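Let's take a walk through a protein model together. Have the sequence and the 3D view ready, and follow along as the parts come up.

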Amino acid sequence: MHTAHPAAALRAYEQPTSWRERLAARVDRWSTSPALYRWAMSSLLTRWVVRRRSAQLFGCMAGFVHSQVLLACVRLRLLETLLESPRTLAELAAQTGMPASSLQRLLDSAVSLRLVNRRGGGRYGLGALGAPVAAHAGIRDMVEHNATLYEDLRDPLALLREPNQTQMHTYWPYTPGQAAPTPTGSSSFSRYSSLMATSQRFVIDELLAAYPYADHQRVLDVGGGMGGWISALAQQHPHLQCALFDLPPVAALAAEQLRQKGLSERVSTHGGSFTTDALPTGADLVTLVRVAHDHADATVLTVLRAIFASLPLGGTLLLAEPMANEEGLSPTDPYFHFYLMAMGAGQLRTPQALSALMETAGFTHIELAPSPMPLHAQILVGRKSRHRATAS
Ligand SMILES: C[S@@+](CC[C@H](N)C(=O)[O-])C[C@H]1O[C@@H](n2cnc3c(N)ncnc32)[C@H](O)[C@@H]1O
């Protein structure tokens with residue numbers, strides 16, 4: 001990695017090459033001056049800006065504590081308890097076995113984070129942000145799973161230096177450098193597949209709302225996990241014939257889930273690897289949900305080319321996953337950047353970067369479908385043009 005020498009960096013800073021950089025350099029000096037701070041605090045209007053920025057910076061510093069407050073609430077099943085009915089401190093202390101004095105601090109913190117709120121008679125109830133956590137096991141599972149990520153993040157510099165020496169890396173058995181799956185190793189496939197199944201619920205609702213599936217006849221879901229998405233699609237659109245492709249241990253788990261839902265006739269399962277095996281043909285719509293971001297560009301291109309080859313002329317690819325904000329200003333981006341780095345070869349990409357990969361694989365007419373909740377996933381749709389039979 002190239003690191004500029006501080007003196008060289010300073011020279012570059014002192015010799016701005018454009019008016020934009022000269023202006024930015026002035027603003028940097030100006031905004032770090034103690035005189036500006038004193039001046040800004042003296043006026044009502046500018047004081048508001050300073051307060052807002054200070055609160056934002058404090059949020060950056062305190063984010064770890066916030067996530068630990070949430071984790072403690074989840075581990076104590078506090079929010080589910082408050083969903084049943086509001087409780088007093090004494091009742092909660094008796095129920096959780098925690099000393100009342102420390103539980104009081106957790107509750108005060110949870111109130112300020114709006115996970116919990118204060119009700120009459122000294123009782124605590126469910127807060128606005130606590131309600132979805134109490135209602136969705138998928139969120140609670142992710143909060144618990146994040147504890148592994150945060151262990152890896154204890155020393156952020158060590159993670160940046162050696163991103164493959166992480167617990168997250170071993171959690172995901174298909175990341176590069178992992179041993180081939182063994183019969184005992186296959187339990188790691190069911191572990192991550194169950195986590196994906198619970199967290200997929202939010203994405204499913206968006207996918208169902210965002211695209212007109214009635215125009216298609218056969219759908220193949222690549223990297224479909226335990227089949228939550230393809231089952232929901234088959235149930236919502238009874239005219240569709242569906243198929244799921246995933247690694248053999250995961251495809252076997254999906255087959256069992258589909259059997260239990262009575263969908264085996266309408267949804268076939270196929271075990272294989274999209275890096276080495278051809279995909280089943282016959283589908284006029286292929287979906288790739290939360291898969292590309294797990295992999296390096298070269299692997300994503302291999303998958304996209306395999307999908308392109310499997311589609312008929314006029315066929316469609318729908319790719320959905322969390323995507324980076326083009327201006328780099330989304331508060332959710334840091335989470336995905338670090339998660340995917342700790343996981344292995346993956347990457348959070350902008351819609352533009354993913355569109356470029358799709359285009360390289362041969363897709364045309366690529367567009368971003370409107371997504372009501374881009375936090376969970378944004379949706380790109382591309383076509384295998386009838387006028388261009390071969391990929392570049
Ligand atoms: C992050 S999970 C997403 C699962 C599901 N689409 C969802 O949104 O919940 C990625 C999926 O890709 C599958 N996968 C990873 N590498 C694969 C490969 N080489 N061939 C086929 N599937 C693969 C994994 O087994 C896993 O089910």
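The chain splits into domain 1 (39–135) and domain 2 (186–383), with bounds that come from an automatic or database domain assignment. Between the C-alpha centres of domain 1 and domain 2 there are 36 Å.

Before we go on, two notes on how to read this. Residues are numbered from 1 along each chain as its sequence is written. What you see is a predicted model, where local features need pLDDT of at least 70, side-chain atom pairs count only at pLDDT 80 or more, and totals for chains, interfaces and linings use all residues.

**The whole chain**

You'll find 18 helices and 10 strands here; helices (H or I, at least four residues) and strands (E, at least two) are DSSP runs, numbered from the N terminus. The C-alpha trace spans about 70 × 65 × 40 Å along its principal axes. Of the 392 residues, 31% are buried, where buried means that 20 or more other C-beta atoms, placed from the backbone, lie within 10 Å of the residue's own.

For strands to pair, DSSP has to find at least two bridges between them. S2 and strand S3 (residues 123–126) are joined by three bridges, and Asn117 has Gly125 as its bridge partner in S3.

**The seven-stranded sheet**

The other open sheet goes S6-S5-S4-S7-S8-S10-S9, and its pairing is mixed. At its edges are strand S6 (267–271) and strand S9 (364–369), each pairing on one side only. On average, neighbouring strands of this sheet are turned by 20 degrees against each other, direction ignored. Strand S8 (residues 316–321) pairs with strand S10 (residues 378–383) in the antiparallel sense over six bridges; there, Thr316 has Arg383 in S10 as its bridge partner.

The angles run from 0 to 180 degrees between N-to-C directions, using axes that are lines fitted to C-alpha atoms, for helices over the stretch in contact.

| Helix | Strands it lies on | Angle |
|---|---|---|
| H14 (residues 228–236) | S4, S5, S6 and S7 | about 180 degrees with S5 |
| H18 (residues 351–360) | S8, S9 and S10 | about 25 degrees to S10 |

Helix H13 (residues 201–210) has Val203, Ile204, Glu206 and Leu207 buried. Their cover includes H14, S7 and S8.

**Around the ligand**

Which residues come nearest to the ligand? Of the 18 around it, they are Met196, Gln200, Gly223, Gly225 and Arg290; a residue is near if its C-beta atom, placed from the backbone, lies within 6 Å. The shell has eight nonpolar, seven polar and three charged residues.

Gly223 sits in the loop between S4 and H14. Is Gly223 buried or exposed? Gly223 counts as buried because 21 C-beta neighbours are inside 10 Å. Neighbours within four places in sequence aside, Gly223 is in contact with Asp246, Phe274, Leu288 and Val291. Val289 is 66 residues from Gly223 in sequence, with 7.3 Å between them in space, C-alpha to C-alpha.

Terms used. Nonpolar A, V, L, I, M, F, W, Y, C, P; charged D, E, K, R; others polar. Contact = placed C-beta atoms within 7 Å. Buried ≥ 20, exposed ≤ 12 C-beta atoms within 10 Å, placed from the backbone.
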